Amino acid sequence: MNCSEAKRLMQMALAGDASAAELARLDAHLAECAACARQWEALSGAAAALTSAQPEPLPQGRDLSGAVMAQIAREANGPTAQRSWLAELLGSRPLQAAGAVAATVVCAVILWLAAPGAQALAMLMGGGTSNGY
Ligand SMILES: [Zn+2]
């Protein structure tokens, strides 16, 4: 057996796909090949560590939600995020800012519809240039 075949057998042995005869041939190669023996030691040690590793318990729900909210806040306030003056004014809460913008637009539309004419609209907008002459 050469070393490349030994490596293939090592992978099969770790996956549990090697037959008893193949394991015996691998053992024979490992006994006379120090390089493959070292590799087998490392591979089988890593595999044993993986199979014996216990999954870490999830953090408490409160801590997890706090971390998620902190991450969301970081992303919302990140340097790439566009922050309007209104968002700054409202404590940088995008949803609240969007709601305020929508409310402002609705109010403007209602005033515009309710205005008896352009004169009233001009007064509302602080114009009044049509007065006088
Ligand atoms: Zn070898």
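Figure 1. The model is predicted: local features need pLDDT of at least 70, side-chain atom pairs count only at pLDDT 80 or more, and totals for chains, interfaces and linings use all residues. Residue numbers start from 1 along each chain, following its sequence as written. Met-12 and Glu-22 are 10 residues apart along the chain, and their C-alpha atoms are separated by 9.1 Å. Met-12 has 15 C-beta neighbours inside 10 Å and therefore counts as partly exposed. (A residue is buried with 20 or more other C-beta atoms within 10 Å of its own, exposed with 12 or fewer, and partly exposed in between, with C-beta atoms placed from the backbone.)

**Figure 2. Arg-25 in helix α2**. Helices are DSSP runs of H or I with at least four residues, strands are runs of E with at least two, and both are numbered from the N terminus. Arg-25 is in contact with Met-1 and Leu-9, again leaving aside neighbours within four places in sequence. The C-alpha atoms of Arg-25 and Met-1 are separated by 7.6 Å, although the two residues are 24 apart along the chain. Arg-25 counts as partly exposed because it has 16 C-beta neighbours inside 10 Å.

**Figure 3. The crossing of α1 and α2**. The two axes come within 10 Å and cross at roughly 130°. Axes are lines fitted to C-alpha atoms, for helices over the stretch in contact, and angles between N-to-C directions run from 0 to 180 degrees. α1 and α2 are therefore oblique to each other; angles under 35 degrees count as roughly parallel, over 145 as roughly antiparallel, 65 to 115 as roughly perpendicular, and the rest as oblique. The crossing of α1 and α2 is left-handed, a term used if the near helix is turned anticlockwise from the far one by less than a right angle, with clockwise giving right-handed. On the α1 side, Ala-6, Leu-9, Met-10, Met-12 and Ala-13 meet Glu-22, Leu-23, Arg-25, Leu-26 and His-29 of α2. By class, this contact has 7 nonpolar, 1 polar and 2 charged residues. (Ala, Val, Leu, Ile, Met, Phe, Trp, Tyr, Cys and Pro count as nonpolar, Asp, Glu, Lys and Arg as charged, and the others, Gly among them, as polar.)

**Figure 4. The crossing of α1 and α3**. The axes of α1 (residues 3-15) and α3 (residues 34-52) come within 11 Å and cross at roughly 15°. That angle makes α1 roughly parallel to α3. The crossing of α1 and α3 is right-handed. From α1 the contact takes Cys-3, Ala-6, Met-10 and Leu-14, and from α3 it takes Ala-35, Cys-36, Gln-39, Trp-40, Leu-43, Ser-44 and Ala-47. The contact of α1 with α3 has 9 nonpolar, 2 polar and no charged residues.

**Figure 5. The largest nonpolar core**. The 7 residues of this core are Ala-6, Leu-9, Met-10, Leu-26, Leu-30, Cys-36 and Trp-40. (A nonpolar core is a set of buried Ala, Val, Leu, Ile, Met, Phe, Trp, Tyr and Cys residues joined through C-beta atoms within 7 Å.) At least two residues of this core come from each of α1, α2 (20-32) and α3. With 3 residues, α1 gives the most to the core. Leu-26 touches Ala-6, Leu-9, Met-10 and Ala-13, not counting residues up to four places away in sequence.

Figure 6. Buried residues make up 6% of its 133 residues. Among contacts between residues at least 6 apart in sequence, 27% join residues at least 24 apart.

Key. Two residues are in contact if their C-beta atoms, placed from the backbone, lie within 7 Å.
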